[in-house]
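Here is a short tour of one chain, written to be read with the model open beside it.

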Amino acid sequence: MINLKNLLKVILGVFAFLFFWALGPHTAFAQAPNSILSGADQMPAEMTLWQTLKAGGGVMVVIGILSVLAVAIIIYDCLMLNVNKLAPRGLYDKVVRKLESRDFGAAQTLCRQDNNTIISKIVLAGLERRNPLDASAREAMENTARAELTNLWQNINYLSDIVAVAPLLGLLGTVLGMIQAFHAVPLQSASVKTTLLAAGISKAMVCTASGLIVAIPAMIAYSYFRGQVQQVTNMIEIYSTDIIKAIQNR
């Protein structure tokens, strides 16, 4: 299974580097108004998608990283967040029957054969204790259930973070673009001010649009996955209670 936490650490490190790198071109841009004007005068009437994205400046690189990260998380959650995969009813029924008949060895075998489910991890946490009937086994099962569910919620919270950060980055790019445009306007003649200002604002708004394009699908996906995780949480709470009772039913 992919270690999503380590992957996120690497991507966030790259994100931080690119974020500070992205601020550099804006400073240089502000210090060279003549080059700004030249770029605005030479801007084609119709721009391709790549040219439009490129016009957004360095912040677009960071927004692009966020979009890739959002897609990766969505694909990962589509593959992993499944009630029948994480808490299969069939496995639960088989395990509970074995536990109620006190056949702990058979229950362990079943769980080890399908050890990617939360049910298996809960059962194994209790049965691998020296005495599965004592309080420490119950505590171990409860802690395992709590940890697994916390990981599920944390995973989708990454999407929530992207939903919050992407529009802010878009706004940052827009503000930086507006600063550039207004900085250059006073230095030019009246005949080119309107054209220059319009070109600068157009480029700046690309960042806002891009941030929203990333955030809106991520928000929709987050809402869906939140429902899935809540469903898994409800099922695991019921299953774990029954499993603990079945193990410790003297």
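Which residues of α4 are buried? In this predicted model, they are Val59, Met60, Val62, Ile63, Leu66, Leu69, Ala70, Ile73, Tyr76 and Asp77. Helix α4 covers residues 59-80.

Stepping back, the chain has ten helices and zero strands. Of its 250 residues, 40% count as buried. Among contacts between residues at least 6 apart in sequence, 80% join residues at least 24 apart.

Now for a pair of helices. The axes of α6 (residues 89-100) and α7 (residues 104-113) come within 8 Å and cross at roughly 160 degrees. Because angles over 145 degrees count as roughly antiparallel, α6 is roughly antiparallel to α7. The crossing of α6 past α7 is left-handed. These are the residues that make the contact:

| Helix | Contact residues |
|---|---|
| α6 | Leu91, Lys94, Val95, Lys98, Leu99 |
| α7 | Phe104, Ala106, Ala107, Leu110, Cys111 |

By class, the contact of α6 with α7 has eight nonpolar and two charged residues, with no polar ones.

Finally, have a look at helix α8, residues 118-127, which is mostly covered: nine of its ten residues are buried. The buried residues of α8 are Ile118, Ile119, Ser120, Ile122, Val123, Leu124, Ala125, Gly126 and Leu127.

Methods
Residues numbered from 1 in each chain as written. Predicted model: local features only at pLDDT ≥ 70, side-chain atom pairs only at ≥ 80, totals over all residues. Heavy atoms only, no water. Buried < 20%, exposed > 50% of the residue type's maximum accessible area, 1.4 Å probe, protein only. Helix = DSSP H or I, 4+ residues; strand = E, 2+ residues; numbered from the N terminus. Axes fitted to C-alpha atoms, helices over the stretch in contact; angles between N-to-C directions. Parallel < 35°, antiparallel > 145°, perpendicular 65-115°, else oblique. Left-handed = near helix turned anticlockwise from the far one by under 90°. Contact = heavy atoms within 4.5 Å. Nonpolar A, V, L, I, M, F, W, Y, C, P; charged D, E, K, R; others polar. Expected span 1.5 Å × (residues − 1).
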